[in-house]
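Have a look at the model shown here.

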Amino acid sequence: SHLRHIIEGLILSILNTNGPKSLEKIHLLLKTVYKTDLDYTYGETQTSEILKKMLQKKKIKFNG
């Protein structure tokens with residue numbers, strides 16, 4: 001839960017700073033650019049689930 005909150009914050013930061021991104025790009029950024037902030041061991045499936053939950057909570061919008 002706490003980890004998911006941190007991940008959601010990083011995803012929001014990625015999207016607010018760099019604009020819309022694909023699932024693959026978000027996942028890649030979490031695994032590479034943000035690896036110093038977070039030991040991101042999740043696969044794309046888990047990243048997708050986090051994004052779906054963020055959509056349901058209306059934290060992000062799906063574009064295309």
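## A residue and its neighbours

E8 touches I50, M54, K57 and K59, leaving aside residues up to four places away in sequence; contact means heavy atoms within 4.5 Å. With K59 there is also a polar contact, side chain to side chain, at 2.6 Å. Such a contact is a pair of N or O atoms within 3.5 Å; within protein, one must be able to donate a hydrogen and the other to accept it, and residues adjacent in sequence count only if both atoms are side-chain atoms.

E8 sits in helix α1, residues 2-18, and is buried, with a relative accessible area of 3%. Buried means under 20% relative accessible area, using a 1.4 Å probe and protein chains only.

## How to read the values

This is a predicted model: local features need pLDDT of at least 70 and side-chain atom pairs pLDDT 80 or more, while totals for chains, interfaces and linings use all residues. Residues are numbered from 1 along each chain as its sequence is written, and side-chain values use heavy atoms, without hydrogens and water.

## The whole chain

The chain has three helices and zero strands; these are DSSP runs, numbered from the N terminus, with helices being H or I of at least four residues and strands E of at least two. Of its 64 residues, 28% count as buried. Among contacts between residues at least 6 apart in sequence, 46% join residues at least 24 apart. The C-alpha trace spans about 30 × 25 × 20 Å along its principal axes.

Terms used. Buried < 20%, exposed > 50% of the residue type's maximum accessible area, 1.4 Å probe, protein only.
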